[in-house]
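Please read it alongside the sequence and the coordinates.

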Amino acid sequence: YDKMQRDHLKTLVSPEVIEEHRRSPLGQHSEALERLLLYFRRQPQVDKYAITVVEPFKAYRIVALSGHRGVAPRVVEDKIYGSQEEAYHGVFMRRVQDLLES
């Protein structure tokens, strides 16, 4: 079932959906984007992408959760995002890339 779902979700990824998320990572979205986001949110905690604050309101970084209590998340990339919205979109793009590669 999961493979069929991933195959269908891959067809929903388009430049328009990516641009929609970049413009508005939070809030109401089109059906295609909402389906992608719901799938990403349901993934297990192990290696799930998250955002950590480097400097409040100024700098954010993407990390991957360990999924184990007491084990710190690992830094995924050195890139620093200037806003929370940019970091959300960075996480979204990583999840899309992982989906397309699976």
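In this predicted model, the buried residues of α1 are covered by elements that include α2, α3 and α4.

**Helix α1 and Leu12**

- The buried residues of α1 are Gln5, Leu9 and Leu12, and because they cover an arc of only 40 degrees around the axis, they lie on the same side of the helix.
- Turned away from that buried side is a face of α1 that carries the exposed residues Lys3, Met4 and Thr11.
- Leu12, which has its place in helix α1, has a relative accessible area of 17% and therefore counts as buried, the cut-off being under 20%.
- When residues up to four places away in sequence are not counted, Leu12 touches Val17, Ala32, Arg35 and Leu36.
- Leu12 and Glu31 stand 19 residues apart in sequence, and their C-alpha atoms are 9.4 Å apart in space.

**The buried face of α3**

- In helix α3, which comprises residues 31-41, the buried residues are Ala32, Leu33, Leu36, Leu37, Tyr39 and Phe40.
- Seen down the axis of α3, these buried residues fall within an arc of 160 degrees, so they line one face of the helix.
- The elements that cover the buried residues of α3 include α1 (2-12), α2 (15-23) and α4 (84-101).

**The contact of α2 with α3**

- Two packed helices are described by the angle between their axes and the distance between the axes.
- For α2 and α3, the axes come within 9 Å and cross at roughly 75 degrees, an angle that makes α2 roughly perpendicular to α3, since 65 to 115 degrees is the range for that description.
- On the α2 side the contact involves Val17, Glu20 and His21, which meet Ala32, Leu33, Leu36 and Leu37 in α3.
- Divided by class, the residues of this contact are five nonpolar, one polar and one charged.

**The contact of α3 with α4**

- The axes of α3 and α4 come within 11 Å and cross at roughly 85 degrees, and the two helices are therefore roughly perpendicular to each other.
- Leu33, Leu36, Leu37, Tyr39 and Phe40 of α3 make this contact together with Phe92, Arg95, Val96 and Leu99 of α4.
- The residues in the contact of α3 with α4 comprise eight nonpolar, no polar and one charged.

**Helix α4 and Val91**

- The 18 residues of α4 should span 26 Å at 1.5 Å a residue, and this agrees with its end C-alpha atoms, which are 26 Å apart.
- Buried in α4 are Ala87, His89, Gly90, Val91, Phe92, Arg95, Val96 and Leu99, and the buried residues of this helix pack against α1, α2, α3, β1 (49-55) and β2 (59-64).
- Val91 lies in helix α4 and, because its relative accessible area is 5%, is buried.
- Apart from its neighbours within four places in sequence, Val91 is in contact with Tyr49, Ala50, Ile51 and Ile62.
- Between Val91 and Glu77, which are 14 residues apart along the chain, the C-alpha atoms are separated by 11 Å.

Key: Residues numbered from 1 in each chain as written. Predicted model: local features only at pLDDT ≥ 70, side-chain atom pairs only at ≥ 80, totals over all residues. Heavy atoms only, no water. Buried < 20%, exposed > 50% of the residue type's maximum accessible area, 1.4 Å probe, protein only. Helix = DSSP H or I, 4+ residues; strand = E, 2+ residues; numbered from the N terminus. Arc of directions from axis to C-beta. Contact = heavy atoms within 4.5 Å. Axes fitted to C-alpha atoms, helices over the stretch in contact; angles between N-to-C directions. Parallel < 35°, antiparallel > 145°, perpendicular 65-115°, else oblique. Nonpolar A, V, L, I, M, F, W, Y, C, P; charged D, E, K, R; others polar. Expected span 1.5 Å × (residues − 1).
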